[in-house]
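Please look at the sequence and the 3D structure below before reading on.

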Amino acid sequence: MGRTLQNTMINLGLQNACDEAVYQLGLDMEELEEIEEDAGLGNGGLGRLAACFLDSMATLGLAAYGYGIRYEYGIFNQKIRDGWQVEEADDWLRHGNPWEKARPEYMLPVHFYGRVEHSASGAKWIDTQVVLALPYDTPVPGYMNNTVNTMRLWSARAPNDFNLRDFNVGDYIQAVLDRNLAENISRVLYPNDNFFEGKELRLKQEYFVVAATLQDIIRRFKASKFGSTDSVRTVFDSFPDQVAIQLNDTHPAMAIPELMRIFVDIEKLPWDKAWDITKRTFAYTNHTVLPEALERWPVDLVEKLLPRHLQIIYEINQRHLDHIASLFPNDVERLRRMSLIEEGSTKRINMAHLCIVGSHAVNGVAKIHSEIVKTQVFEDFAELEPEKFQNKTNGITPRRWLLLCNPGLAELIAEKIGEDYVRDLSQLTKLHKFVDDDLFIREVAKVKQENKVKFALYLEKEYKVKINPSSMFDVHVKRIHEYKRQLMNCLHIITMYNRIRRDPAKLFVPRTVIIGGKAAPGYHMAKMIIKLINAVAQVVNNDPMVGNKLKVIFLENYRVSLAEKVIPATDLSEQISTAGTEASGTGNMKFMLNGALTIGTMDGANVEMAEEAGEENLFIFGMRVEDVTELDKQGYNAQLYYDRLPELKQAVDQIKSGFFSPKDPNLFNDVVNMLFHHDRFKVFADYEDYVKCQEKVSELYLNSKAWTKMVIRNIAAAGKFSSDRTIKEYARDIWHVEPSDLKIPPPNEPRDAGQDKTPNGTAA
């Protein structure tokens with residue numbers, strides 16, 4: 001979520017008043033804002049997307065709740081020591097959190113372990129261990145519409161009789177100390193992005209948030225006029241018309257068997273009715289196609305922790321496979337591929353398959369990604385129910401990612417086209433008529449220059465390096481992962497360095513290359529990549545032959561509040577994943593909206609950015625998905641590129657020989673070995689085209705006016721990438737609710753009685 005103070009002031013229309021009031025107290029608002037901790041309760045893009053979605057849902061007047069876990073420790077703080085990443089605990093609650101309100105009156109029990117007893121009256125899950133879920137509510141204000149939604153985060157609490165009711169008679173002290181075991185569930189966020197780690201505590205977290213949330217939703221449904229009771233029992237027929245639940249990746253997939261357990265075991269609905277309601281309630285968003293990221297939980301672990309849920313999953317699978325077998329008799333291979341259970345040395349549950357079978361809609365997060373989901377990853381399922389598969393291209397909230405972080409640009413745009421674009425970003429197309437307006441061109445360039453000077457001062461303060469603000473700010477910030485190819489950027493840096501040294505007199509367009517992002521603590525290769533970048537920076541930044549032509553900076557502890565500083569100051573945005581690997585990306589959109597140009601592959605939302613702005617207004621390079629597929633057929637041979645390209649050979653040899661690590665010449669052996677022998681993401685294959693494309697970037701940067709005109713064309717084409725547009729599509733195509741742009745009257749004005757009627761259901 002990042003910080004909340006400034007976002008709240010903007011959405012409430014109070015920023016200027018607050019700035020002024022604080023100034024009159026002799027204080028500086030910006031200094032105050034810097035004191036607030038980031039709430040970093042998710043990993044990379046998926047977590048930030050949820051935050052943007054909450055802002056858009058409130059702004060569109062949808063009755064929506066964001067549910068999650070109130071981690072005591074969020075994503076780790078990254079320190080760089082001697083060029084290596086070191087993790088520190090993110091004790092973000094140390095000074096308290098003024099934005100949250102604990103709601104102990106809504107505390108709910110969550111069950112684990114135990115066993116299942118079958119009788120004539122149905123299944124009973126008994127002898128369980130209970131953990132309490134304590135909700136904390138954080139307000140989510142819409143933009144200038146007097147609407148406030150809720151983000152409800154669950155914290156784990158041990159019940160007061162924990163470990164004291166059973167055989168644990170004597171050891172009262174130990175029993176109280178053991179409360180920690182239960183409360184560890186919400187202790188810490190698992191820091192993996194695009195990687196599955198099958199740990200018991202992680203599965204506990206996933207079930208914990210799901211079980212608490214579903215009880216909460218059902219309590220709310222029963223309390224509403226829709227939860228009518230036919231003699232004691234609630235009638236759930238209207239449930240899917242009143243409740244929509246969107247699964248953000250497979251992490252909350254246990255919600256499907258949990259809702260079935262509630263309907264069948266507790267509410268005593270017949271299976272078929274329960275299943276029909278469940279399917280119509282859930283929809284699933286897929287966020288990645290990387291096989292190592294797909295959740296596949298071992299059956300024995302689920303059997304131990306959630307025995308009843310395993311039985312329900314088996315029953316879902318049996319009925320699912322019976323259906324497939326009736327359509328495709330004797331096709332055992334198809335049954336194996338489509339089963340929710342994967343046979344092997346350890347039997348596993350494929351959570352993506354569970355989500356697809358248990359949902360009425362499945363979507364990818366960019367056109368190209370949704371195509372890959374349909375035609376490759378889940379082709380058997382798409383063949384069966386093509387109408388189930390959709391696309392919903394990701395977006396970003398223009399409130400945080402323009403108004404808040406780039407007030408200079410936001411104001412400049414408002415002067416030209418009015419202020420309405422903040423709620424309707426498609427209006428940015430009106431900027432096209434100013435693309436040849438010399439004054440506007442100069443003003444856009446001036447805002448960018450001011451942002452760069454401000455960020456350069458920040459870097460000098462934090463990193464003690466002198467930055468040339470007229471150099472091109474070339475920025476690559478995102479999680480560190482092989483598929484995102486920070487290594488390719490690194491090879492380009494080394495190539496530029498070698499060119500400067502080879503011909504110091506030759507004209508060179510000065511660059512400040514900024515790379516930032518966190519590596520998962522257990523991801524060895526990602527940590528080596530960070531060390532390599534820092535080792536290269538050490539050499540480049542201290543070579544007198546280079547001077548201020550080239551500077552390399554690794555941005556420590558990249559997070560939302562740092563993104564808000566670096567993105568408005570960026571000239572060139574690096575979006576260089578291997579085609580077919582980045583589901584969408586959202587940083588790409590933030591840079592586009594803030595007046596950076598993009599160098600990128602035809603991957604994720606880059607494809608649609610090029611479609612909107614015109615391919616000639618992005619620096620597109622490298623293999624397309626088809627080329628990658630073809631290269632896989634032939635077999636990728638890294639050696640061929642190394643032998644054919646002298647500059648690539650030189651750069652790789654320098655890494656290999658210890659040029660960047662003289663004290664330990666073999667330091668980067670693992671990296672070099674990977675690049676030659678098991679580089680799944682084909683860095684060498686795109687290197688040549690990348691370097692050539694970077695030369696075009698430098699050439700255009702020399703012509704400030706032509707560069708800025710291209711910037712304006714990009715900003716004018718960025719409207720599609722508002723999360724407001726994304727959420728409208730979810731609302732209409734999946735949740736079947738109507739967004740309302742009605743501004744609720746403020747609390748000090750009397751309400752129209754007629755405005756109390758809300759035709760909308762609840763999107764949860």
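Predicted model: local features only at pLDDT ≥ 70, side-chain atom pairs only at ≥ 80, totals over all residues.

Six strands make up an open sheet, with parallel pairing. Their order is β21-β20-β19-β22-β23-β24. The edges are taken by β21 (550-555) and β24 (619-620); each has a single partner strand, so one side of each has no neighbour in the sheet.

Helix α19, residues 438-463, packs on this sheet and touches β19, β20 (511-516) and β21. The direction of α19 makes an angle of about 70° with that of β21.

Within the sheet, strand β19 (residues 472-477) runs parallel to strand β22 (residues 572-575), and two bridges join them. Asp474 has Leu572 in β22 as its bridge partner.

## A residue in helix α13

Helix α13 spans residues 332-338 and contains Arg334. Is Arg334 buried or exposed? Its relative accessibility is 10%, and the limit for buried is under 20%, so Arg334 counts as buried.

Which residues does Arg334 touch, apart from its neighbours within four places in sequence? The contacts are Ile324, Phe328, Asp380 and Glu383.

## A nonpolar patch

On the surface, a nonpolar patch is formed by Leu164, Tyr172, Ile173, Val176 and Leu177. Together these residues have about 460 Å² of accessible area.

One of them, Leu164, sits in the loop between β9 (148-157) and α5 (172-177). Leu164 has 34% relative accessibility, so it counts as partly exposed.

Notes. Residues numbered from 1 in each chain as written. Heavy atoms only, no water. Pairing = 2+ DSSP bridges. Helix = DSSP H or I, 4+ residues; strand = E, 2+ residues; numbered from the N terminus. Contact = heavy atoms within 4.5 Å. Axes fitted to C-alpha atoms, helices over the stretch in contact; angles between N-to-C directions. Buried < 20%, exposed > 50% of the residue type's maximum accessible area, 1.4 Å probe, protein only. Patch = residues over 30% accessible without salt bridge, like charges linked within 9 Å, V, L, I, M, F, W, Y side chains within 5 Å. Areas by Shrake-Rupley, 256 points an atom, 1.4 Å probe, with all protein chains shown as cover. Salt bridge = Lys/Arg side-chain N within 4 Å of Asp/Glu carboxyl O.
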